[in-house]
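Dear colleague,

Please find below the structure for your records. My notes on it follow directly after.

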Amino acid sequence: MMAASSHRRGARICIGLIGLCAALLLAAPARAERLKDLVSVAGVRENQLMGYGLVVGLDGSGDQTTQTPFTVQSVVSMLQQLGVNLPQGGTSLQLKNVAAVMVTASLPAFAQPGQTLDVTVSSMGNAKGLSGGTLLMTPLKGADGQIYGMAQGNVLVGGVGASGSGSSVQINHLSVGRISAGATVERAVPSSLGENNMIRLELNYTDFSTASRVVEAINNHFGGGTATALDGRVVRVQSPSSSDQRVAFLGVLENLNVIPAQMAAKVIMNARTGSVVMNQAVTLDTCAISHGNLTITITTDNQVSQPGPASGGKTAVVQNAEIDIKKDAGKVLLLKGGASLADVVKALNAIGASPQDLLAILQAMKAAGSLRAELEII
């Protein structure tokens with residue numbers, strides 16, 4: 001009973017903190033960001049590599065070969081390539097110090113033969129751990145089936161485990177390790193950067209307003225006609241023809257400051273943990289909701305303020321909102337101020353609403369058209 005109460009109290013605290021953060025975001029002014037944080041350059045990307053290999057030298061923690069026949073087949077094939085011919089029935093080998101693994105790495109843009117990469121080694125059998133093992137030479141292939149790197153080296157595992165007398169203890173993960181600079185690049189990926197003296201900038205998120213602001217910032221700095229928006233995500237930029245001038249051009253380009261447009265209103269809720277994340281564009285409209293023993297009423301009264309010295313002589317619209325929440329027909333909580341989702345979340349948290357209550361209420365508000373935001377449940 002105490003554990004359940006502690007869990008509910010922790011969930012209420014989490015919801016309250018998220019509501020407070022949302023209230024702070026509502027007051028945060030828009031600020032300029034570097035272009036490199038808003039876009040990526042087409043063709044400048046990483047490529048995933050993968051390979052199958054063997055880790056040897058394990059201290060009895062390798063695959064149980066009776067349950068992983070592919071490990072034995074891999075060992076037999078490797079030995080035959082090295083000129084070792086096993087007798088008939090050699091596939092019944094009982095190995096304890098060998099593990100079949102998958103090796104993964106990311107090939108960065110413009111990587112050249114001879115450069116080194118970090119690789120991750122993951123057990124694919126039933127090995128107890130890879131500590132102390134050595135990865136044998138493993139080719140790393142791309143999506144096109146070509147070999148782009150070779151990996152080999154000592155596997156470093158960030159965990160430890162011990163067992164004895166029927167008891168065991170383990171810290172962190174033992175079946176995944178890493179080899180720093182464990183792979184060597186053997187093939188470079190062709191790059192089309194600057195082809196036809198054009199560079200394509202791709203926004204991280206599709207937004208026509210942000211795309212137009214990016215074009216405006218580039219043209220203001222380099223001159224009219226330098227940048228052209230193709231759609232809400234891609235901006236085409238004219239670049240110098242020589243490679244050194246193109247690199248200098250991109251160095252200046254990616255450090256330009258652009259104020260991105262406000263993102264579409266969105267609320268993301270984790271149904272398993274009750275976490276709620278919202279952006280500053282979320283607004284509410286007048287509505288009334290009854291959920292179980294909860295009754296929620298949200299009203300907004302827009303008033304026009306008179307111009308004065310403090311407002312610079314401008315007429316402003318002020319929102320006077322009231323959020324009335326009743327529980328058990330005797331507990332009433334009233335909030336005054338701007339009608340925001342943060343206020344609703346904090347009010348529900350104050351009266352002990354569970355994450356499931358909050359999820360159902362947000363869904364009802366969205367269905368009724370009161371929640372002016374996209375509701376995404378993960």
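K36 is partly exposed, at a relative accessible area of 35%; buried stands for under 20% relative accessible area, exposed for over 50%, and partly exposed for what lies in between (1.4 Å probe, protein chains only). The side chain of K36 meets that of E254 in a salt bridge, 3.6 Å from N to O, where a salt bridge is a side-chain nitrogen of Lys or Arg within 4 Å of a carboxyl oxygen of Asp or Glu. K36 sits in the loop between β1 (33-34) and β2 (39-41), and E254 in the loop between α4 and β14 (257-258), so the pair ties together parts that are 218 residues apart in sequence. E254 is likewise partly exposed, with a relative accessible area of 34%. Helices (H or I, at least four residues) and strands (E, at least two) are DSSP runs, numbered from the N terminus.

Please note that this is a predicted model, in which local features need pLDDT of at least 70 and side-chain atom pairs count only at pLDDT 80 or more, while totals for chains, interfaces and linings use all residues. Residues are numbered from 1 along each chain as its sequence is written, and side-chain values use heavy atoms, with hydrogens and water left out.

Over the whole structure, the search finds four salt bridges. One of them joins R34 to D37, with the closest N and O atoms 3.3 Å apart; R34 is partly exposed at 35% relative accessibility, and D37 is partly exposed at 38%. Another is formed by the side chains of E376 and K266 (3.0 Å, N to O). This pair links distant parts of the chain, since E376 belongs to strand β23 (residues 374-377) and K266 to strand β15 (residues 266-269), 110 residues apart. Both ends are partly exposed: E376 has a relative accessible area of 28%, and K266 one of 29%.

Turning to helix α4 (residues 243-253), the buried residues are R246, F249, L250 and L253. They lie on the same side of α4 because they cover an arc of only 95° around the axis, the arc being that of the directions from the helix axis to the C-beta atoms. D244 and V247, on the other side of α4, are exposed. What do the buried residues of α4 pack against? Their partners are β11 (198-203), α3 (208-222) and β13 (234-238), contact being defined as heavy atoms within 4.5 Å.

S61 is found in the loop between β3 (47-56) and α2 (69-81). Is S61 buried or exposed? With a relative accessible area of 16%, S61 is buried. Neighbours within four places in sequence aside, S61 is in contact with K96, A127, K128 and G129. A polar atom of the S61 side chain lies 3.1 Å from the backbone oxygen of G129.

Among the strands, β3 runs antiparallel to β4 (residues 99-107), and nine bridges join them; two strands pair if DSSP finds at least two bridges between them. G53 stands opposite V101 in β4. Strand β4 is also joined to β5 (residues 116-123), antiparallel and by four bridges, with V121 in β5 as the bridge partner of V103.

Lastly, L358 lies in helix α6 (residues 355-368) and is buried, at 2% relative accessibility. L358 and G274 are 84 residues apart in sequence, and their C-alpha atoms are 8.0 Å apart in space.

With kind regards

Terms used: A polar contact is a pair of N or O atoms within 3.5 Å; within protein, one must be able to donate a hydrogen and the other to accept it, and residues adjacent in sequence count only if both atoms are side-chain atoms.
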